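This report covers pockets and helix contacts. The sequence and structure come first.

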Amino acid sequence: LRRSKLGLSIYAIGSSELAAFRSGVPVARTRIIAYALSGLFAAFGGLALTMSTGIGAPIPGPYLLASVAAVVLGGVALGGGKGGLLGPIVAVFVLRLVRTDLTLLAIDPNVTAIIEGLIMVAVVMFGAFITMRSRQQ
């Protein structure tokens, strides 16, 4: 993303839509392309889930919390404009390792979700603390 024109446009819009528009970035077209790519990858994820479970109906699961936790743990700013690809991928592996370890220790799956939530809250708080410290200096 950091080396392509589309990726730089997405980063620019995430940082400041007005500044990106004033810099000549086609905001509407870039936003449509970004949503289309997101939809495409969501469809691929749904197909992968359907292939692994064997059913086509939506099933409840820990997928929403895990995906948000991976993005937050990966260092992507929820406000936009900052982030990368490698961080969330590493965070997915770390979260999957935590979930597997807790399962092997025979801990209740509900407690596992609570632990993942606590990890996510701690990382968000730590990131906010770092951001506040950098703004004060």
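## Second largest pocket

The second largest pocket holds about 400 Å³ of space. A pocket here is an open set of points on a 1 Å grid over the protein atoms alone, where a 1.4 Å probe fits, with protein on both sides within 12 Å along at least five of seven lines; lining residues have an atom within 4 Å of a point. Grid points are joined across faces, edges and corners, and a volume is the space filled by probe spheres set on the points. Of the 15 lining residues, Gly-75, Val-76, Ala-77, Gly-127 and Thr-131 are closest to the centre of this pocket.

Helices α4 and α6 are the elements that give two or more residues to this lining, and α6 supplies the largest share, seven residues. Helices (H or I, at least four residues) are DSSP runs, numbered from the N terminus. By class, the lining has ten nonpolar, four polar and one charged residues. Ala, Val, Leu, Ile, Met, Phe, Trp, Tyr, Cys and Pro count as nonpolar, Asp, Glu, Lys and Arg as charged, and the others, Gly among them, as polar.

## Basis of the model

The model is predicted: local features need pLDDT of at least 70, side-chain atom pairs count only at pLDDT 80 or more, and totals for chains, interfaces and linings use all residues. Residues are numbered from 1 along each chain as its sequence is written, and side-chain values use heavy atoms, with hydrogens and water left out.

## Largest pocket

The volume of the largest pocket is about 1500 Å³. It is lined by 36 residues, of which Leu-1, Ser-38, Val-71, Val-76 and Gly-84 are closest to its centre. Two or more lining residues come from each of α1 (5-15), α3 (27-53), α4 (63-73) and α5.

Helix α3 gives the largest share of this lining, nine residues. The lining divides by class into 22 nonpolar, nine polar and five charged residues.

## Helix contacts

The axes of α1 and α3 come within 10 Å and cross at roughly 105 degrees. Because angles of 65 to 115 degrees count as roughly perpendicular, α1 is roughly perpendicular to α3. Leu-6, Ser-9, Ile-10 and Ile-13 of α1 meet Val-27, Thr-30, Arg-31, Ile-33, Ala-34 and Leu-37 of α3, where contact means heavy atoms within 4.5 Å.

Helices α5 (residues 86-104) and α6 (residues 109-136) have axes that come within 10 Å and cross at roughly 145 degrees. Axes are lines fitted to C-alpha atoms, for helices over the stretch in contact, and angles run from 0 to 180 degrees between N-to-C directions. Leu-95, Val-98, Arg-99 and Leu-102 of α5 make the contact with Thr-112, Ile-115, Glu-116 and Ile-119 of α6.

Conventions. Angles under 35 degrees count as roughly parallel, over 145 as roughly antiparallel, 65 to 115 as roughly perpendicular and the rest as oblique.
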